[in-house]
Amino acid sequence: ADPSRADATSLAAELHIDSGRIGEGLALLGKHLAALKDKPAQVGLHLRLADLCQFQAKDAAAARGHLEAAFKLDAGNAQAAFRLARLYADDGQLDLAEPLMELAVCAPRPAGERVALCEALAMACDEAGDARGAFEALALALALEPGRPNLLASVLEAGVKARCEP
């Protein structure tokens, strides 16, 4: 396939992936990515490659690399921020996850997924002894779903631990 042609490359990559040759499919898409000049198209392809790496190839490091590249190209991309913050939180890299959270909660995802990200970050912060980070993550979650059972109580408890009481 001609790597500069999106349609041919995508079709060939899909055929490889559907046939279980994930590496070949990813390599084709990588060649197409190198041929792209349009920044939004590059971001979209990085997000697609991140999906394929994470869910098909089971390669979290490669997925993270594509998400970081997408976010570097478009620092306002909430979808990339959401997925990257999720990976960072899962890996316990709170210093990298926390700055992404305000943008991540704006991602076009169901509210439950965004709240779950906030709760996961809050638990990771709490385990790391970062009471302020846990409080801030739960406060973001509360803004997303104020009627969620037990969330207000969790925010208040985290606020007491972080000494952020009004």
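Biologist: Left-handed or right-handed: how do I read the crossing in which α9 passes α10?

Modeller: The general idea is that a crossing is left-handed if the near helix is turned anticlockwise from the far one by less than a right angle, and right-handed if clockwise. Here α9 passes α10 in a left-handed crossing. Keep in mind that this is a predicted model, where local features need pLDDT of at least 70 and side-chain atom pairs count only at pLDDT 80 or more, while totals for chains, interfaces and linings use all residues. Residues are numbered from 1 along each chain as its sequence is written, and side-chain values use heavy atoms, with hydrogens and water left out.

Biologist: At what angle do the axes of helix α9 and helix α10 cross?

Modeller: Helices are DSSP runs (H or I, at least four residues; strands are E, at least two), numbered from the N terminus. Their axes are lines fitted to C-alpha atoms over the stretch in contact, and angles run from 0 to 180 degrees between N-to-C directions. The axes of α9 (residues 131-144) and α10 (residues 151-161) come within 8 Å and cross at roughly 155°. That makes the pair roughly antiparallel; the cut-offs are under 35 degrees for roughly parallel, over 145 for roughly antiparallel, 65 to 115 for roughly perpendicular, and oblique for the rest.

Biologist: Which residues of α9 and α10 make the contact?

Modeller: Contact means heavy atoms within 4.5 Å. From α9 the list includes Phe135, Leu138 and Leu142, and from α10 it includes Leu152, Val155 and Lys161. By class, you get 11 nonpolar, two polar and one charged residues. Nonpolar covers Ala, Val, Leu, Ile, Met, Phe, Trp, Tyr, Cys and Pro; Asp, Glu, Lys and Arg are charged; the others, Gly among them, are polar.

Biologist: And at what angle do α3 and α5 pack?

Modeller: About 30°, with their axes 11 Å apart, which makes α3 roughly parallel to α5. This crossing is left-handed too. Leu47, Ala50, Asp51, Gln54 and Phe55 of α3 meet Ala80, Arg83 and Leu87 of α5.

Biologist: How many residues has the largest nonpolar core?

Modeller: In soluble globular proteins, nonpolar side chains tend to be buried together. A nonpolar core is a set of buried Ala, Val, Leu, Ile, Met, Phe, Trp, Tyr and Cys residues joined through side-chain atoms within 4.5 Å. Buried means under 20% relative accessible area, exposed over 50%, and partly exposed in between (1.4 Å probe, protein chains only). The largest core here has 55 residues, and Met101 and Leu121 have the most contacts inside it. Helix α5 (residues 78-90) gives the largest share, nine residues. Beyond four places in sequence, Met101 touches Ala85, Leu117, Cys118, Leu121 and Leu140.

Biologist: Where is leucine 100?

Modeller: In the loop between α6 (94-97) and α7 (101-104). Leucine 100 is buried, at 8% relative accessible area. Leaving aside neighbours within four places, leucine 100 is in contact with Phe71, Ala81, Leu84, Ala85 and Tyr88.
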